[in-house]
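Subject: Structure for your review

Dear colleague,

Please find below the structure I am handing over to you. I would be grateful if you could read the notes that come after it with the model open.

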Amino acid sequence: DTAANDAAQAAPVEDAVPSVAVLDPSTRGSLPPMKLSMHVYDPDPTRRFAIIDGQRVTEGAQLGSAIVLEIRRDGVLLDVSGRRVLLPRP
């Protein structure tokens, strides 16, 4: 079906970003526990949020030494000391 193929091509493809698990122990130690217990994705960025370590966060929030860059379908994209990593959704 051509319409389905066009829709698949038009859908945004999320960048493959390494998980927070790849961070070295000292960098990981500078962060809070990072338990993602709730994740709400919406096409409208103002309606996205996540609950991490019991705290409601939105894009731009600070979590220890990390900054929430984006709440994506697959989890929360973080900037940790200039490195982009993903806290995957549960």
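Predicted model: local features only at pLDDT ≥ 70, side-chain atom pairs only at ≥ 80, totals over all residues.

The following paragraphs set out what was found.

The chain averages a pLDDT of 86, with 84% of the residues scoring at least 70. Among the elements of the chain, β2 has the highest mean pLDDT, 97, while helix α1 (residues 2-10) has the lowest, 43. Over residues 1-11 the pLDDT stays under 50, and the model shows zero contacts beyond four places in sequence for that stretch.

On pairing, β2 is joined in the antiparallel sense to strand β1 (residues 36-40) over four bridges, and Ile51 is the bridge partner of Met38. Strand β2 also runs antiparallel to β3 (residues 55-57), with three bridges between them; here Ala50 is partnered by Val57 in β3. The hairpin of β2 and β3 has two residues between the strands, and Asp53 takes a positive phi near 55° in it.

Phe49 has a further feature: the charged end of Arg56 sits over its ring, 4.0 Å from the centre. As for pairs between aromatic rings, the count comes to zero.

Which residues touch the most other members of the largest nonpolar core? They are Met34, Ile52, Val68, Val76, Leu78 and Leu87, out of 18 residues in that core. The elements that give two or more residues to this core are β2, β5 (66-72), β6 (75-80) and β7 (83-88). In soluble globular proteins, nonpolar side chains tend to be buried together.

Leaving aside residues up to four places away in sequence, Met34 touches Arg28, Ile52, Asp53, Leu63, Ala66, Leu78 and Leu87. Three of these contacts, Ile52, Leu78 and Leu87, are also named among the core residues that touch the most other members.

Yours sincerely

Definitions and conventions. Residues numbered from 1 in each chain as written. Heavy atoms only, no water. Pairing = 2+ DSSP bridges. Phe/Tyr/Trp six-rings, centres within 6.5 Å; stacked < 30°, edge-to-face > 60°. Lys NZ or Arg CZ within 6 Å of the ring centre and 35° of its normal. Core = buried A, V, L, I, M, F, W, Y, C linked by side-chain atoms within 4.5 Å. Buried < 20%, exposed > 50% of the residue type's maximum accessible area, 1.4 Å probe, protein only. Contact = heavy atoms within 4.5 Å. pLDDT = per-residue confidence, 0-100.
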